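Open the structure in your viewer and keep the selection tool ready. Each stop gives you something to select.

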Amino acid sequence: MLEFIKPGTYIDFMKYKWYFIGFSLITSLIAIGSIAVQGFSYGIDFAGGSVIQVQFKNPTTADDIRKALKPMGMQDERIQSVGAVSDNDFLIRTSQTEDTNKGFGGKFSSELEKSFGKGNFEIRRIEMVGGAVSKDIKTKGFLSLIWAAIGILIYVWWRFEFKFSVGAIVATLHDVIIVLGMFSILRREMDLTVVAALLTLIGYSLNDTVVVFDRIRENIKKQQSPNYDLAHVMSMSISQTLSRTILTALTVFLVVIALFFLGGEVMHGFAMVMLIGVIIGCYSSIFVASTIVLFMSKSGKSSS
C-alpha cells in the first residue's frame, strides 16, 4: 500500500492547536459575515423562475439575445454561455414563469424568431419553478442539513461519547459554513444540487473524523498509566491515520476535478462544493475535531 507518511512517524499536531483554532475562527467568521451581509445567489429551485437553454446555429452573443428578448421584459436576465464558445449554447435565467412550459416556450421562441430567424436556434430545455414550490424546496433543503447534523450528533455520541460527538459536529458544521461562505463570496448559485453536495460532504467529513476518533480510542485503551497525556495520544493517532486521510482525500479530489471539468454546467455546483469540501474536510478531521475533544477533556486528560 502506498504510504505518504512513514510508519512510526510522529507529528505533534496538538502543539499547534491554537493556530488551527485561530485559522478556523477567522475563516468561519469571514464566511458567516459574507452570508449575513450579501446572502446567497439562489437558483430557480429556491428563488423560483425559469431556466431556458438555447443553442444557436450561428455565432451569437449574450447582448444579441438580451436585445431580442427585450420585448418580453427580459433585458436584465442572466445569460451565460455554456460549453465551448463554438457551441453557441446559452443558458438564460429569468424570474418570469408561465402556467405551462409550452406557453412560455412559445412566447420565447416567437421573440427569438424575430431577431434570429426561424430554424436558426433550438430550445434544448425549459425548467420552471413557481414561488410556492421554491419556498417549500428551500425549507426542506435546509431542514435536511439540520436533520443530518442531528443524526451525526446522536450516532457519534452513541458510538464514542458526548465530547467526541461535539467534536464531530463542530468539525462538520465548520466544513459546511466555510463552503456556504465560499458560495456567498463567489456569488455562486445555490440550488438543490448544492444541497445534495453538502449532504455528501457531511458524510465524507464525518467518515474521516470517525477514522481518526477510532484510532484515538484504540490508543487510549493501550495506555498503561491513568495520567497519560491525551494531547500526545491524539497527535500519535492522527499521525498514524495521516496517510489514509491524504490518500482518500486525493482520490476523491481527482474524481471531483474530472467531474468539474467534464461534467458540464449541471454538475458545476456539486463538483465545486466537493472540491472545496474535500480540502476543508481533510483539514477539519485532522485539526479541528480532535482539538475540540481535547479542550472538552478536563486538564487534557481522559479516562475513556
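This is a predicted model: local features need pLDDT of at least 70, side-chain atom pairs count only at pLDDT 80 or more; totals for chains, interfaces and linings use all residues.

Residues are numbered from 1 along each chain as its sequence is written, and side-chain values use heavy atoms, with hydrogens and water left out.

**Surface patch.** Select I26, I30, M182, I185 and L186. They form a nonpolar surface patch with about 440 Å² of accessible area together. Patch residues have over 30% relative accessible area and no salt bridge, and nonpolar side chains are joined within 5 Å. A salt bridge puts a side-chain nitrogen of Lys or Arg within 4 Å of a carboxyl oxygen of Asp or Glu. Areas come from the Shrake-Rupley method with a 1.4 Å probe. Helices α1 (17-38) and α6 (162-185) each give two or more residues to the patch. Helices are DSSP runs (H or I, at least four residues), and strands are E runs of at least two.

**Buried residue.** Move to D214 in helix α7 (residues 192-221). D214 is buried, at 18% relative accessible area; buried means under 20%. Beyond residues up to four places away in sequence, D214 touches R159 and F160, with contact meaning heavy atoms within 4.5 Å.

**Aromatic rings.** The whole structure holds 13 aromatic pairs. Rings pair if their centres lie within 6.5 Å; planes under 30 degrees apart are stacked, over 60 edge-to-face, the rest tilted. Select F56 and F116: this pair is tilted, 4.7 Å centre to centre, with 55° between the planes. F56 lies in strand β2 and F116 in helix α4, so the pair ties together parts 60 residues apart in sequence.

Key. Patches are made of residues with over 30% relative accessible area and no salt bridge: like charges are joined within 9 Å, nonpolar side chains (Val, Leu, Ile, Met, Phe, Trp, Tyr) within 5 Å. Buried means under 20% relative accessible area, exposed over 50%, partly exposed in between (1.4 Å probe, protein chains only). Rings of Phe, Tyr and Trp (its six-membered ring) pair if their centres lie within 6.5 Å; planes under 30 degrees apart count as stacked, over 60 as edge-to-face and the rest as tilted.
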